[in-house]
Amino acid sequence: MNRMMKHYLFWPLCVLGALLLFNLLYSPDFFSIVLRDGHLYGSLIDILNFGAPLVLVAIGMTLVIATKGIDLSVGSIVAISGAIACLSISKGSDQSSLGLVMTAILSSLALSLVLGLWNGFLVAGAGIQPIIATLILMVAGRGIAQLVTSGQIITVDSSTYEYIGAGSLATLPFSIFIVTAMLIVALLLTRKTALGLFIESVGSNPTASRLTGIRSNMVIISVYIFCGLCAGIAGLLLSSNVSSADGNNAGLWYELDAILAVVIGGTSLNGGRFYLMGTVIGALIIQTLTTTIYMIGVPPEITLVVKSVVVLAVCLIQSETFRSTIMTRWKTRNYPGEKEVVRHVR
Amino acid sequence: MSDQDPILQMRGIHKRFPGVKALSNVDFRLFPGEVHALMGENGAGKSTLIKVLTGVYSIDEGTVDMEGSPISVTSPQESQTAGISTVYQEVNLCPNLTVAENIYIGREPRKFGRILWKEMNRNAAVLLKERLNLDIDVTLPLQYYSVAIQQLVAIARALNISAKVLILDEPTSSLDRNEVQQLFGIMRKLKSDGLAILFVTHFLDQVYEISDRITILRNGEFVGEYRVNELSRIDLVLKMIGKELNLLEELPQLSQEYKDSSGEVLLTASGLGRKGSIEPFDLTLHKGEVVGLAGLLGSGRTEVARLFFGADKPDQGGITSPGIEGGIHSPRDAIKRKIAFCSENRKAEGIIDDLTVRENIILALQASRGWFRTISRKRQDELADEYIQLMNINPPNPEHLIKNLSGGNQQKVLLARWLLTEPRLLILDEPTRGIDVGAKAEIQKLVLSLSRQGMSFLFISSELEEVLRVSDRIAVLRDRNKVKEISGEEMNPHEIMQAIAGG
């Protein structure tokens, strides 16, 4: 039991389990999944589908945070990527043509890579603190997205493009496959090459890493590029799901949800060890929470409050200090004199 | 001077930290109108004594008398009220505030709650002019002035708060020669004003230039108080490191035959130097040779090592190695030339806390191979097991987090990390500091056996015996200068002591 509690996935899984249990008790048909027209429908599928962009962004964020960095610009990259893709598709004569959609996707992904490179350059090359360096793109990027869409919502009518975010493959939403693929890429990159080791090393002790001969700048730049790419793909999923791009609101506050997912998943903001699977669970917790809040009909004006209370509870459960304080209180509850004694012994 | 009563007298001071006796039965006294140097090697208890005196730490046992009456210093405020002021090594002022604001911050002259800026600026200017002979614009931000001036402003602030005892904790470490002279001029003036100055420094020359009296501490114990003109430099050094010369003479020499230095040249540093850290020096390293660097703390030993590894960039001279183009500008350059470096600062520059022993061991090898030529997990386990056994690392579990290992075992992991890269030169900066006797001997033996196999070493240690025991040749450093190179028959404690003490 004790060893199980020490496992990094223990608390995140507990929280997710508790949320699902709550749903089971509150509305038993939460778990029902039906097959209709070759598609699976149900709340669980919805959570996976709508949670896909967040999972993607959070995976990229995990690697950035592992280097003791942070990327606030992911929400803006999400918006830009969707806007660029929709803009180029909307200008085509045959919006469903595969060539046009591919060009649109590739150009928005290429731009996401460049934006990630920009962040990485500011952090590693120019030595700006990550929170400031990425704040620049967070603000400027939102502006760029609004420029691209001219402040309007661009709608597209392309069944090909729509497939990415709303289509389904083997009865499951296609977005799940994209996310799984990116998760596997991230796992392979970090666990099958030495990149993961270098990321943890740079995040844990940059000075020692430099003296060990690790090219820390290269490592840092690559994680920001990867994070940019993840956000770009998330932007495509989001805009394709609704067949439109909204420069003002797409991906708004995504960076905060993503950071939360990473932290809930067990990766420390101090850098070092990172847990990709933990992050995935963390993102799913957040998505489940959002879905639950909508489902049980919390009045819209207090949803944010409810969400933050749950998040606070999750963070407290995960805090070692908090847990040990509670445990000490609990254990010494019957012995008012004990504290006094302990103080003297110290 | 001694017919006067001491202004400050500390008797029988004890201070314990969990597991360590930082100070045991230390006496210290300070007379008005003297500069008193507090000397000791690393861990001797100098900074603890200062922190006790300034109320940062509380005293476990012992008394402090100020002008004959006992005082209690349990907080920095109390210490200041009693008349003790400190200027720390790193200037702790606010660079963005003006000079006058820095001097008067927290004690601004006020009238009905309003700060009298004009009066404050005028007072500051007068204070600096009269007490420190310093004529500067006090309304400019502090950062507009050099470190030396900032140091003087810190002194002015200390004087203004209370002016009976002034503690200067390594004030000269970031000053150049002229600035040091300027500071000394002011110290002499303050001394003649009757101020008692406690001066901490690592520079022997400066001690002999400015001080009247010296108190020596060693391992938290009081060694003695001496008048400067009654204590020779060599005696001072011997008392600091706590060895008698004749005892040192009888050292068992581990490396029996001195290797002649005519072997293949590995690296040549010519005119290598870096302003503010080490004066230009020449040093040639040969294949299979152990070159020791001897000198007191702060003499520039680590700085030499860092230049050789490319951890610091030199601003003059360079390193050449026969048959290889280009110099060494970064640790990666050095690693490419098969140079490895174990820093003295194990925690900050050596181990990667969050990683396991296995990961720490393979890290340098993996870094030199790049991301994609991964060492397979099986091979990693083999290597980790092999080196855990070879180096006798305890606990012998490669999946243990390195932060949970003892200092000695962490050091062995770091050695393993570099040995895995098969270096031609291994730079060891204090490899045996803070580790137990057994591990120490193991590391020394390892150095000798590897050097017989052709590996070269640059070996730095504060312990002279150790340097003597393993080195084929010793370069002696003093006050950031390489002063002598000693080899062969000349390599005896007396010669080295003489060179370390100088003068």
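**Entry 1: domains of chain B**

Which domains is chain B divided into? I looked this up before anything else, keeping in mind that the model is predicted. Chain B comes in three pieces: domain 1 covers 8-244, domain 2 is built from 248-338 + 423-501, and domain 3 takes 353-422. I noted that domain 2 is written as two stretches, with the numbers of domain 3 falling between them.

**Entry 2: domain 1 against domain 2**

I checked the spacing next. The C-alpha centres of domain 1 of chain B and domain 2 of chain B are 34 Å apart. For their contact I found 15 residues from domain 1 of chain B and 15 residues from domain 2 of chain B.

How much area is buried between domain 1 of chain B and domain 2 of chain B? I got about 1600 Å², and carbon and sulfur atoms give 58% of that. On the domain 1 side, B:His202, B:Phe203 and B:Ile234 lose the most area to domain 2 of chain B, and together they make up 30% of what that side buries.

Helices came next. On the side of domain 1 of chain B that touches domain 2 of chain B, α7 (204-210) and α8 (233-241) each supply at least two residues. α8(B) gives the most there, with 6 residues. Sorted by class, that side has 7 nonpolar, 3 polar and 5 charged residues.

**Entry 3: chain B against chain A**

Now the other chain. I found 28 residues of chain B in contact with 25 residues of chain A. The area buried between the two chains is about 2200 Å², with 63% from carbon and sulfur atoms. In chain B, the residues losing the most area to chain A are B:Arg332, B:Asp354 and B:Trp371, together 30% of what that side buries.

Which residues form the salt bridge between chain A and chain B? The count is 1 salt bridge, and I traced it to A:Arg273 and B:Glu359, whose closest N and O atoms are 2.6 Å apart. I also noted 11 residue pairs in polar contact between the chains, both residues at pLDDT 80 or more.

Several helices of chain B each supply at least two residues of the side touching chain A: α11 (331-336), α12 (346-349), α13 (357-369) and α15 (407-419). α13(B) gives the most, with 6 residues. By class, I logged 16 nonpolar, 5 polar and 7 charged residues on that side of chain B.

Notes
Residues are numbered from 1 along each chain as its sequence is written. Chains are lettered from A and ligands numbered from 1 in the order in which they are written. This is a predicted model: local features need pLDDT of at least 70, side-chain atom pairs count only at pLDDT 80 or more; totals for chains, interfaces and linings use all residues. Side-chain values use heavy atoms; hydrogens and water are left out. Domain bounds come from an automatic or database domain assignment. Contact means heavy atoms within 4.5 Å. Buried area is the accessible area (1.4 Å probe) that two parts lose on being put together, summed over both. Helices (H or I, at least four residues) and strands (E, at least two) are DSSP runs, numbered from the N terminus. Ala, Val, Leu, Ile, Met, Phe, Trp, Tyr, Cys and Pro count as nonpolar, Asp, Glu, Lys and Arg as charged, and the others, Gly among them, as polar. A salt bridge is a side-chain nitrogen of Lys or Arg within 4 Å of a carboxyl oxygen of Asp or Glu. A polar contact is a pair of N or O atoms within 3.5 Å; within protein, one must be able to donate a hydrogen and the other to accept it, and residues adjacent in sequence count only if both atoms are side-chain atoms.
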